[in-house]
Amino acid sequence: MLKAWRLSLVILAILFFSVVATATEVHLQPDFVRLDRVTAVQPLANGITIRAGAAVLHITALRDDLLRVRVAPDGRFPEDASWTVLTASRVDAVNVIAENTNADVGFKTAKLRVTIHRDPMSLRVTDLEGRVIVENFSPRPIEYHEHAFRVYLRSPEDEHYFGLGDKPGPLDRRNASFANWNTDSFGWQESTDPIYKSIPFLITYRGGISTGIFLDNTWRTSFDFNKEYRDAYSFGAEDGPLDFYLLYGPDAKAVLASWAWLTGHTPLPPLWALGFQQSRYSYYPESEVRRIADRLRSEHIPTDVIWLDIDYQLKNRPFTVDPERFPHFDQMIQDLKAQHLKTVLITDLHIADLPGANYKPYDEGQTKDYFVKNPDGSTFVGTVWPGKAVFPDFTRQAARDWWGTLYADFVHKGVAGFWNDMNEPSVFDVPSKTMPDDVQHHIEEPGFASRIASHLEVHNIFGMENSRGTYEGLLNLAPNLRPFVMTRASFAGGQRYAVTWTGDNASTWNHLRQSIPQLLNLGLSGFALSGADVGGFAGSPQPDLLTRWLEVGAFEPIDRDHSASGTHPQEPWENGTPEDVNLRRRYIEERYRLLPYLYTTTEEMSRTGVPMMRPLFLEFPWPDANGSPLDFGAGNAFLLGADLLIAEAPFPDELDDYMIALPPVGWYDYWTGARIEPAKGGADGKHPTEVRLHRELDTLPIFVRAGAIIPEQPLVQSTDERPNGPLILRVYPPTNSGEKCSGSLYLDDGVSFAYKQGVFFRAAFTCQLMPDGISVRVAPASGSFAPWWKQVSVEIYGATKAASHATVTHLDGKGGALLPTAFDVKQHRITASMQDEGKGFEMKLMY
Ligand code: GLC
């Protein structure tokens, strides 16, 4: 009896579990959905709609090389709105050709093929040669757990991953996982995640082919590369839309151009943003600011900017000035200007909670009801630098517009730029370091339905929208001045409003090392104008570290020396011998000589989306024998623009020699002008040239690509100063005739938008090898901006003997003049100078 009872229980259990097991095909539990079988298909002009049970998938082509995938697990899509993707791009579409077989369904564009396997359901995108771009990882393609979702993609073992913003760690994201939740991370280390920014955008690389993937979801998102599954990478979010874009290259440069098309270009910054910038938490009182300015000038450290941190403010209250510490604040700004120094002020987003105290930001914001609310309708109050503080609701256009007006006084006083810090947002004395999850934000925004959103949805875009308010406010206040805003927190697309930095790093060799992959990945995420606090923020750098950091920083997009309160002073003349100071000055000077190249590269970045600071694979996307990017042996090497390769040591404090594998084109030593002997087999496009480098404090190894023409200028002490002397064109002849040899130069007034009306100067340079000489051609410039020079000095590098003679033909008619030349054996250089103001010429130099 007992046995029979037990038996029936077992049978019942088997029956029960087999029913559940059948149900697992679609629903493991009511809250679990896996999209595993196509149940209906509807072709669209620009893509396809697929049903998988209750779920609906939309796959559409915005362009032939750019797809969008949206999934609604219950068939209901959320509103089609985005903080990141430009509306004009989002609504773009191309026609596709539907494809349909028994097993598969999908479509084809002029560049890509989309195939959805029906059962089990699986998405695969290939190029038209059949190379897989992305492919679902079976058996787990796409799944939902309540509101959370995850998309799994197959990861071939020779695929590599880049991007995701400022996240620390190696350049390649493979074998790591990350969360996106903007976090004030003072004291972050190499393994800290998350830190300040959320940029759910990655770039894959496999055998020279790259694709971008952007998950357009502002909630807490996460990315896993080969940790959960060795053969898969995945991305997901705890809530919000499953809405992602695929940006096909074929190379990473093309992906970045598409990324800029999708999310916006970085506006051209003012030229002074490329100068050296001196900051500290904090310079005060006023006499200290003046002392620093005087010292920068008396030490002849070329500098453009002094930054004032929170202590210029009265009790750390944004938009105030402490009248005791800064009795002549307005005059100080003017006096700094007279010394050719711009002032950048910090203006954090937390407004001191000061009812009835005549504090305008609080009074106005409260009257207009612009502050973030608790669920009970009261204003949310959190503690930050000023003590108790309230926070503008930056997801309301009206609140942002109002925020922008707060800058009026400072702009009228002549303050040049602004710094939006603490905008993760940072809140002290709470374990989450930020606002509670349930505070309420209003979304009142063109393109969005008006509604109340929880902090969980808004958190990651709060900082971006803060910097947007600042940027747009500044544009409003001074419509013909290029705004300069630096933000700490941001989101994908935030490059439209602000430059950024890597937050509170530390004065250690490892942080110097770490800054390079971090800035490279920021550039690969759209944030090209980035810097790391030079010298390190927390702690005091050893003299050698400060020297090295100032050397490397001179070749990075934003070059700002910044340090924490209580640390040893960190200006270039501090903490070192006179030799150290000379070295530090020498590298900053080199940056200023390179300004024409740096600015030209910046303008290219702004126009094309390709960052100034580039990993080698961006210029040399060729795979090695294992399919890896060629520069994987290159440690901390990076390119500034297309042509300068900065070969910092993989571990900059180690005394050992290190190897650098120069990509297989010709190279020159930037410092000596000597040609680098190519690897066996020559600069054949196949074999990298291995160079052994010895770490010396006085030389940061820099190589120039053969075939480059680099424009330089005479030394100035700030970008205000008009260079006095010739434009210098450094010509690095190609290895073989017929190979590319070119360069270009872009100039404008550096501050206004007149360039949009044609007030710029753009010239292209080319060179050509001749049987026993070289010709250099400077094409007539376009644009109406008058350059500073009357003379051009052409420098041919790699020279081992003097020229026999040189002639110049001016393209405006005057021709055939013989030119004197000079040979510098140590610099491997022949120099010839001629009159020219942008009309163009051709110079022939015979050996
Ligand atoms: C934050 C910033 C730092 C700044 C400090 C004081 O820590 O990251 O750069 O100096 O706040 O404003």
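The answer below begins with the ligand and then turns to strands and aromatic rings.

A: This is a predicted model, in which local features need pLDDT of at least 70 and side-chain atom pairs count only at pLDDT 80 or more, while totals for chains, interfaces and linings use all residues. Residues are numbered from 1 along each chain as its sequence is written, and side-chain values use heavy atoms, with hydrogens and water left out.

There are 13 residues around the ligand, and Asp309, Asp421, Arg488, Asp504 and His562 come nearest; a residue is near if one of its heavy atoms lies within 4 Å. By class, this shell consists of eight nonpolar, four charged and one polar residue. Here Ala, Val, Leu, Ile, Met, Phe, Trp, Tyr, Cys and Pro count as nonpolar, Asp, Glu, Lys and Arg as charged, and the others, Gly among them, as polar. Oxygen atoms of the ligand lie 2.5 Å from an N or O atom in the side chain of aspartate 504, 2.8 Å from one in arginine 488, and 2.9 Å from a polar side-chain atom of histidine 562. The protein buries 97% of the 310 Å² that the ligand exposes when taken alone, as computed by the Shrake-Rupley method with a 1.4 Å probe; for residues, only the protein chains shown count as cover.

The next feature is a set of strands. Helices (H or I, at least four residues) and strands (E, at least two) are DSSP runs numbered from the N terminus, and two strands pair if DSSP finds at least two bridges between them. Strand E11 (142-145) has strand E1 (residues 32-34) as an antiparallel partner, joined by three bridges, and valine 33 stands opposite tyrosine 144 in E11. E11 also pairs with strand E12 (residues 148-154), again in the antiparallel sense, over four bridges; isoleucine 142 has valine 151 in E12 as its bridge partner. E11 and E12 form a hairpin with two residues between them, and glutamate 146 in the turn has a positive phi of about 50°.

Arginine 140 belongs to the loop between strand E10 (132-135) and E11. Arginine 140 is buried, with a relative accessible area of 17%; buried means under 20%, exposed over 50%, and partly exposed in between (1.4 Å probe, protein chains only). The side chain of arginine 140 makes a polar contact of 3.4 Å with that of glutamate 228. A polar contact is a pair of N or O atoms within 3.5 Å; within protein, one must be able to donate a hydrogen and the other to accept it, and residues adjacent in sequence count only if both atoms are side-chain atoms.

Finally, the whole structure holds 52 aromatic pairs. Rings of Phe, Tyr and Trp (its six-membered ring) pair if their centres lie within 6.5 Å; planes under 30 degrees apart count as stacked, over 60 as edge-to-face and the rest as tilted. Tyrosine 407 and phenylalanine 418 are edge-to-face, at 4.7 Å centre to centre and 70° between the planes. Tyrosine 407 lies in the loop between helix H7 (397-405) and helix H8 (408-413) and phenylalanine 418 in strand E26 (residues 417-420), so the pair ties together parts that are 11 residues apart in sequence. Both tyrosine 407 and phenylalanine 418 are buried.
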